[in-house]
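Q: I should like to learn how to read features of a protein model. May we work through one together, step by step?

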Amino acid sequence: MPAQVQKIDLWPYINIVFRRKWWIVFAFLLSIAAGFGYYKLAPRTYQATTLILVEPQKVPDSYVEPVVSDTVESRLYTITQQIHSRTNLEKIIEQFRLDREPENAGNDFIERVKKLLRRHGVLGGKKNTISKGALVQRLRRKLEVNIRGKKNNQAFEISFVWRDPQEAANVVNAIADRFIEENLNVREEMAMGTTDFLEREAARIRFDLESREKELENFKETNMGMLPSELQSNINILNQLKEELNNLEKSLDTEKQILMMMDVQMKEVREKQRQTELASQETGEDGAAEENPTGSVEALEALLEQLRIRYTEEHPDVLALKRHLEIAKEERDALPKMAKKGVVKSDNGVEDDLIARRRVSVQRTNSLTKQIEDVRAQIGVYKERVERTPQVELAMAKILRDYETVRKRYEDLLAKSLSARMAEELERRRKGEQFKIIDPAVAPVAPFSPNLKMTMLMAIAAGLALGGGLGYAREVMDPCFYDSEDLEASFNTNVIVSLPLVDLKKKKKSTRAKNAPKSVAHG
């Protein structure tokens, strides 16, 4: 079977209310009277408020990026702490003379009590003044800053509660002006601090950049000719030098062959001269034998054909051999004419001519040998440059990497410094984010405290609670029993019969009222 739900019987409590109704009514009326008396006697305080709108920057952020990146909430917190500082509040107290005694102090309930106590000698002195420190703490509690609106359309409200409405309005307007001034100062100081920091950093990075530029310049001067940018040029020059060396070596071979051929001719001339001298000794005839340079011409022509196979007609070796061949042909052609005239070159003249030509060939051979040595030395230099270029490239890459990092950092700081300078100028001209007063504070007409509705509601609640408590306490302290259940519970017994309470006085009055008309009618 389901459990039986126990029912609540409210009738005993209702009986208590009826039995102790005067206790409850007295406590309720007393609480109402106390609340009304507090409302009439409590000092009046007035709240003055002003609304300040946060205006965005007038110049678009795409043109001038603001340097003040903190939120309005954090800035308001900072400014609020500055406004709530002891120094600022003491200035406000001195400016508006908030420490003077109010003119309506005679209407203050507390002041009345204090005067009464002074009159009877309980309190000493004529006036109990408030210390400036306590007044500062009081102003901090009375001054509030609340943020309103959303992120894109923010505003904040400043409120101040004071005993004099006009003083409250004046203090709020002064604090609002201070808020605006402090905001401008904070933004300008942040902009100037940012600009100064960026300029100092840019100067430091510029010094570092100049040092790295000098290091890079010295490195290039030290490794001139082995830089990566000169690698292809060095390779081209090296190839040209190798080709030039090849040509010089071939020219040297040609000159050596010509020199060998001249040595052969000189040997033939000397042999022929010796045979002529022997023949002249045998025959006794004096005279010079005719020279036959045909063999020399044929040897030069054969050598020229070999050179033409390897070189063109404009090659220096071919041209030099052609000149030798022309001289040899002229000498060969000139021999018959000189023989007819009786002027025949002697073997000594031919030998002298060969010696002179051989001396020229030797000089040319020495010159070619020296040129070959110079070219080989240059080839060694450029070959070393090409071989060392990868090492130089690695070292230079490290220097360039550090240099580029510093250069980019400097350019970034320089751009930010210029932007910060523009933002600072923007703040100085009051074109940045600003606070604008929308509703200035005016002297309030109705008092902020005490509030009649709130006071009476609290008095009614307190009266009901106090009356209920007093009625319940009186019921607990009453030794009478008003219910059979209470009697059974107290004496641990059973009640057989319970008669209702009869008020004899009320019953007699009701009986007389019923019998009175009959007696009159009968008489």
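**Reading the model**

A: Let us begin with a side-chain pair in this predicted model: the side chains of E201 and R204 are joined by a polar contact of 2.8 Å.

Q: In which helix is E201 found, and does E201 count as buried or exposed?

A: A residue counts as buried under 20% relative accessible area. E201 belongs to helix α7, and its relative accessibility is 19%, so E201 counts as buried.

Q: How does the span of helix α7 agree with its 58 residues?

A: One takes 1.5 Å a residue as the guide. Helix α7 covers residues 165-222 and should therefore span 86 Å; the C-alpha atoms at its ends are 84 Å apart, which agrees. At the start of α7, the backbone nitrogen of Q166 has a side-chain oxygen of D164 within 3.2 Å.

Q: Which strands are joined to strand β1 by bridges?

A: In a regular strand, side chains alternate between the two faces of the sheet. Here, strand β1 (residues 46-55) runs antiparallel to strand β3 (residues 154-162), with eight bridges between them; A48 stands opposite F160 in β3. Strand β4 (residues 434-439) is also antiparallel to β1, through five bridges, and L51 stands opposite D439 in β4.

Q: Which residues make the nonpolar surface patch, and is F18 buried or exposed?

A: The exposed class begins over 50% relative accessible area. L10, W11, Y13, I14 and F18 make a nonpolar surface patch of about 600 Å². F18 lies in helix α1 (residues 11-19), and F18 counts as exposed because its relative accessibility is 55%.

How values were computed:
Residues numbered from 1 in each chain as written. Predicted model: local features only at pLDDT ≥ 70, side-chain atom pairs only at ≥ 80, totals over all residues. Heavy atoms only, no water. Helix = DSSP H or I, 4+ residues; strand = E, 2+ residues; numbered from the N terminus. Expected span 1.5 Å × (residues − 1). Polar contact = N/O pair within 3.5 Å; in protein donor to acceptor, adjacent residues only side chain to side chain. Patch = residues over 30% accessible without salt bridge, like charges linked within 9 Å, V, L, I, M, F, W, Y side chains within 5 Å. Areas by Shrake-Rupley, 256 points an atom, 1.4 Å probe, with all protein chains shown as cover. Salt bridge = Lys/Arg side-chain N within 4 Å of Asp/Glu carboxyl O. Buried < 20%, exposed > 50% of the residue type's maximum accessible area, 1.4 Å probe, protein only. Pairing = 2+ DSSP bridges.
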